[in-house]
Amino acid sequence: MFPRTRLRRLRRTESLRRLVRETTLAPQDFVLPLFVVPGSGAKSEISSMPGHYHLSVDLLAAEVREVAARGIGGVLLFGIPATKDEVASEAYAEDGVVQDAVRAIKETAPELVVVTDVCLCAYMSHGHCGIVAEGEVLNDATLELLSKVAVSHGKAGADLVAPSDMMDGRVRAIRSALDDNELTTVGIMSYAAKYASAFYGPFRDAADSPPQFGDRRSYQMDSANVREALREVEADIEEGADIIMVKPALAYLDVIAAVAQRWPVPIAAYNVSGEFAMVKAAAERGWIDEQAVAMEILTGIKRAGADIIITYFAKEAVDWLESGGESC
Ligand code: PBG
């Protein structure tokens with residue numbers, strides 16, 4: 001050991017550090033979430049998510065051109081429908097906002113991977129992720145609706161559907177429904193380990209999807225559990241998930257690492273809205289260096305074992321990578 005071993009030798013210059021760097025970020029690692037609204041000519045900034053907008057389908061085209069030009073891996077679409085009801089009709093409407101958006105993106109930037117969030121909360125008048133009866137979110141009855149949503153997204157041209165509802169058995173139901181509709185090439189990116197998290201706060205404003213009563217703890221996971229996450233992941237792989245997601249990312253890096261060590265599947269991690277908003281807010285106050293902190297966070301998520309990072313920093317991160325920005 002010391003003094004023969006001196007770990008600082010390889011830290012002396014940036015060139016040496018670069019040579020031995022274990023984790024690097026690239027544009028294709030990132031997936032950018034986008035929020036689509038009905039109508040045309042609509043672009044309004046989401047107040048708790050600086051730099052992110054509610055966009056109508058016509059304006060989405062310009063946005064995705066920019067995203068594709070940066071080499072970003074893909075986009076994840078969320079829809080804010082014109083009307084909500086108790087059966088989430090707009091979620092599987094052939095001319096729903098997400099379905100229209102998928103077709104528009106595939107026309108503008110066919111090479112961009114299009115992922116669609118498959119959930120009902122933004123489309124339900126009560127804001128829950130499933131059918132509600134007597135104050136309970138019903139599991140099995142919800143599977144049918146989720147399957148309809150996934151099929152409608154697949155028919156519109158989505159590459160991957162991403163169920164985020166946390167109902168049991170939804171991957172199996174969606175896989176069967178896609179296959180029955182000759183959508184065998186549409187993949188499933190499953191929100192396998194999705195925790196009931198306070199970090200979704202800004203998103204719920206953006207997607208107008210907060211539950212109108214109660215919370216999501218009867219279906220999303222308890223933040224204290226990791227063994228249970230492994231069971232969720234195992235079930236989803238067995239049911240036919242192509243990509244496994246852990247969400248949120250930052251407070252769950254151990255979950256990402258545990259999943260990555262056990263299964264040879266691509267892993268996505270969702271660097272969620274609250275994680276983004278905290279960095280933006282602190283940077284606005286001059287308390288932290290936004291670029292350095294954001295890149296350190298993204299590097300940490302990748303180092304933990306994520307192959308794909310869903311992040312609101314996607315565009316800025318690519319710009320920072322291109323400007324040769326050091327992570328810290
Ligand atoms: C829908 C959904 C949520 C997020 C992604 N899909 C919110 C929730 O479960 O309440 C959160 C994303 C984010 O915070 O960035 N179920």
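## The ligand site and the cavities

A polar side-chain atom of Arg 216 lies 2.9 Å from an oxygen atom of the ligand. This distance, like every other value here, comes from a predicted model.

| Residue | Side-chain atom | Ligand atom | Distance |
|---|---|---|---|
| Arg 216 | polar atom | oxygen | 2.9 Å |

How much of the ligand does the protein cover? On its own the ligand has 400 Å² of accessible area, and the protein covers 100% of that area. The elements that give two or more residues to the shell around the ligand are strand E9 (187–194) and helix H6 (201–206).

The shell can also be described by its residues. The ligand is surrounded by 19 residues, and the closest are Lys 194, Arg 204, Lys 247, Ser 273 and Tyr 312. By class, the shell holds 11 nonpolar, three polar and five charged residues.

### Empty space in the protein

Rolling a probe the size of a water molecule over the atoms shows where empty space is left. How many cavities of 30 Å³ or more does a search of the whole structure find? The search finds two.

The largest cavity contains about 220 Å³ of space. Its lining is made of 24 residues, and those closest to the centre of the cavity are Phe 78, Asp 117, Cys 119, Cys 121 and Phe 203. What takes up the space of this largest cavity? The ligand does: the space it takes is the largest cavity.

Strand E4 (74–79), helix H4 (140–156), E9 and H6 each supply at least two residues of the lining of the largest cavity. E4 gives the most, with three residues. E9 and H6 are also the elements that give two or more residues to the shell around the ligand. The lining of the largest cavity divides into 14 nonpolar, five polar and five charged residues.

The second largest cavity holds about 40 Å³ of space. Its lining consists of Phe 78, Tyr 200, Phe 203, Lys 247, Tyr 270, Val 272, Ser 273 and Tyr 312. Phe 78 and Phe 203 were also named among the residues closest to the centre of the largest cavity. Lys 247, Ser 273 and Tyr 312 were named among the residues closest to the ligand. The classes in the lining of the second largest cavity are six nonpolar, one polar and one charged.

### Backbone details

Most residues other than glycine have a negative phi, and most peptide bonds are trans. Where does the backbone of this model depart from that pattern?

Lys 247, which lines the second largest cavity, is joined to Pro 248 by a cis peptide bond with omega about -5°. Pro 248 belongs to the loop between strand E10 (243–247) and helix H8 (253–262). The peptide bond from Phe 2 to Pro 3 is also cis, with omega near 10°. Pro 3 is placed in the segment before helix H1 (14–19).

Ala 88 has a positive phi, near 55°, although it is a residue other than glycine. Ala 88 sits in the loop between E4 and helix H3 (97–108).

Notes
Residues numbered from 1 in each chain as written. Predicted model: local features only at pLDDT ≥ 70, side-chain atom pairs only at ≥ 80, totals over all residues. Heavy atoms only, no water. Near = heavy atom within 4 Å. Polar contact = N/O pair within 3.5 Å; in protein donor to acceptor, adjacent residues only side chain to side chain. Areas by Shrake-Rupley, 256 points an atom, 1.4 Å probe, with all protein chains shown as cover. 1 Å grid on protein atoms, 1.4 Å probe; cavity = no way out; pocket = protein on both sides within 12 Å on 5 of 7 lines; lining within 4 Å. Sits in = over half its atoms within 2 Å of the grid points. Helix = DSSP H or I, 4+ residues; strand = E, 2+ residues; numbered from the N terminus. Nonpolar A, V, L, I, M, F, W, Y, C, P; charged D, E, K, R; others polar. Points joined across faces, edges and corners; volume = space filled by probe spheres on them.
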